[in-house]
Amino acid sequence: MANPKLDINLSIIEDNTRQIVQLAKSKGIDIFGVIKGVGGDIEIAKAMILGGVVGLGDSRLDNLKKLKRLKVPLMLLRIPMLSQAKRVVKIADISLNSQLEVIDRLDKEAASLNKVHKIILMIDLGDRREGVLPKDTLNYVDEIRTLKNIRLVGLGSNLACFRGVLPTEDKMLQLMELVKGAEGLLGRKLPIISGGNSSSLPLLLKEGYTPITNQLRVGETIILGRKVPSGDKFSFTKLDGIKLKAEVIEIKNKPVNSDKVNGDSNVNNSLDEEIRRRGILAIGSQDIEAKGLIPCNKGIIVEGASSDHLIVDLTNVQGVMVGDEVSFRLNYSSLLRAATSPYVKKFYYREDDRD
Ligand SMILES: *Cc1c(COP(=O)(O)O)cnc(C)c1O
């Protein structure tokens, strides 16, 4: 069997999607499924669609292009490169934006293709990643409304992505004020208030909370079942949608400390002689981020990785042998890397309880 691999349980991903879609729907919110964490994987995208997302989002045009045949609305999440404006208009139905010169170019390209391109204007509510500052928002809206081939369909924000600023009710109220101002300028309603990512979901569980947003863009909590940023399980989701498996290629009892190069043999003390049972797995930092791996077997400790070797401590586990597969859950950045590594194979299945 090919190793290393991602074992992908599409039933869990579909079910996680359904749970989140239903929770959001009860609050009047649509969910866009975000697929960039798995390199635009089409099978996972299909599972999200079965689970009820209204569209799919990815930060890369190459991924969106693959998804075009699924015939659902596609959203470009990373603000576009000026040099790719034409491709953006061709591939994406809607894009998130924050730069006027880019929006101008999108307008020109849309005109040449005889299209109207939809945009959401991103507002930086304090996370300091993309977005227009609140004080500049209405000036931007004023400029955008003069563009004939651009349709401003909403305002959006992105929190907890860079500085970890969380979506609080205060931040959402601030967004609401800007939406009202923009609607005043435009003389029409803005259909979309795109509130954020997985980190916004816990707010929906708060007693009596009435959200201002009517759209969320959710990747991590659907795919990994994890709450952002804590990484704990989210209510209603399962954690085992994706597991990484890698094969053991060496097991040996070894001293904990490395031999000293040019060492003075007299400094060897008894501490140096602690012996641990070490394993090496055939996967490395080309494929994963070692600190983002969570062994399913709790006794296994991840020590670290070089480009092609993952070193684990097996002292506290029984029965792991050379040739065995070791399973891990992943955090988002480890998943990103594994899903885009050409060396990691993907296996899809659909029963709910395989192991
Ligand atoms: C990645 C991304 C998301 C999804 O984030 P998750 O934490 O995976 O839910 C949403 N919006 C934007 C703009 C993104 O870049």
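Mentor: Buried means under 20% relative accessible area, and exposed means over 50%. Keep in mind that this is a predicted model.

Trainee: Is Asp7 buried or exposed?

Mentor: The cut-off for buried is under 20% relative accessible area. Asp7 has a value of 4%. Therefore Asp7 counts as buried.

Trainee: Which residue forms a salt bridge with Asp7?

Mentor: Side chains of opposite charge can pair when their charged atoms come close. Here the closest N and O atoms are 3.1 Å apart.

Trainee: Which helix holds Arg337, the salt-bridge partner of Glu289?

Mentor: The side chains of Glu289 and Arg337 meet at 3.2 Å, N to O. Glu289 sits in the loop between strand E11 and strand E12. Arg337 is 48 residues away, in helix H10.

Trainee: What is the N to O distance between Arg145 and Asp142?

Mentor: Arg145 is partly exposed, at 45% relative accessible area. Asp142 is partly exposed too, at 31%. Their side chains meet in a salt bridge, N to O, at 2.7 Å.

Trainee: Which residues are linked with Glu14 in a network of salt bridges?

Mentor: The count for the model comes to 20 salt bridges. In one network, Glu14 is linked with Arg18 and Arg350.

Note on methods. Residues numbered from 1 in each chain as written. Predicted model: local features only at pLDDT ≥ 70, side-chain atom pairs only at ≥ 80, totals over all residues. Heavy atoms only, no water. Salt bridge = Lys/Arg side-chain N within 4 Å of Asp/Glu carboxyl O. Buried < 20%, exposed > 50% of the residue type's maximum accessible area, 1.4 Å probe, protein only. Helix = DSSP H or I, 4+ residues; strand = E, 2+ residues; numbered from the N terminus.
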